[in-house]
Amino acid sequence: MSNRPAYIHHVNFPTTDPERTKEWYTKVFGMKYIKPKSNTKVVLMTRGNFDLHFTPVEEMDRMAPYHFAVEVEDWDGFLAHLRELGIRHTRPITRPENNSQFCYIHDPDHTMIELVFHARRAYPPVPGQEGQASSAPGQAPGAPAADSAEEARAALADPTGATGR
């Protein structure tokens with residue numbers, strides 16, 4: 001028995017526009033919407049290896065300086081992806097102690113997101129999964145929602161889309 005957590009399952013943020021949030025996180029991070037089984041209005045999104053939840057609110061409280069960070073596999077490729085989407089980011093900074101890079105973006109509700117890249121870190125950074133690809137295709141805009149986190153993760157892990165609905 002261990003008293004140590006395995007990983008963070010999800011974090012929850014406010015959103016003033018659930019549909020806009022679903023679309024933005026799908027196109028920027030390739031996340032998939034999970035349709036809640038209960039009558040909750042919370043927006044459940046997954047990337048397969050991490051989940052984000054968004055609670056609808058009427059008014060947004062300012063989040064800064066609070067933020068969350070997403071590690072990317074291909075720094076230059078991800079910054080090119082942001083340029084294609086017209087998403088601005090702060091000036092990238094390189095940490096000399098480990099040669100990692102980071103910058104910040106904001107989602108439509110102004111939630112700050114740190115983008116991080118560690119050139120020396122193996123991908124995926126999950127022990128025991130070294131032979132598996134760590135990135136997965138996202139849900140296309142307008143694609144149906146998954147009914148469960150397991151179904152969404154399976155769809156994200158299948159590059160052919162054969163497990164999709």
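Let's start at Tyr33, whose bridge partner in strand 3 is Met45. Strands here are DSSP runs of E with at least two residues, helices are runs of H or I with at least four, and both are numbered from the N terminus.

A quick word on what you're looking at. This is a predicted model, where local features need pLDDT of at least 70 and side-chain atom pairs count only at pLDDT 80 or more, while totals for chains, interfaces and linings use all residues. Residues are numbered from 1 along each chain as its sequence is written, and side-chain values use heavy atoms, with hydrogens and water left out.

Now, stay with strand 3, residues 43-46. Which of its residues are buried, meaning under 20% relative accessible area with a 1.4 Å probe, protein chains only? Val43 and Met45 are buried on one side, and Leu44 and Thr46 are buried on the other, so both faces are covered. In a regular strand the side chains alternate between the two faces of the sheet.

On to the next neighbour. Strand 3 also pairs with strand 4, residues 51-56, in the antiparallel sense over four bridges. Thr46 has Asp51 as its bridge partner in strand 4, and Leu44 stands opposite His53. Four residues lie between the two strands of this hairpin, and there Gly48 takes a positive phi near 100°.

His53 turns up again, as the strand 4 bridge partner of Asn12. That brings in strand 1, residues 10-15, which runs parallel to strand 4 and is joined to it by six bridges.

Let me hop over to Phe68, in strand 5, residues 67-71. Phe68 is buried, with a relative accessible area of 10%. What does Phe68 contact, with contact meaning heavy atoms within 4.5 Å, once we leave aside neighbours within four places in sequence? The partners are Phe13, Tyr25, Leu52, Thr111, Met112, Ile113 and Glu114. Phe68 and Leu115 are 47 residues apart in sequence, yet their C-alpha atoms are 8.8 Å apart in space.

Finally, the whole chain. It has three helices and eight strands, running β-α-β-β-β-β-α-β-β-β-α from the N terminus on. Of its 165 residues, 36% count as buried. Among contacts with a separation of 6 or more, 57% are between residues 24 or more positions apart.

Definitions and conventions: Buried < 20%, exposed > 50% of the residue type's maximum accessible area, 1.4 Å probe, protein only. Contact = heavy atoms within 4.5 Å. Pairing = 2+ DSSP bridges.
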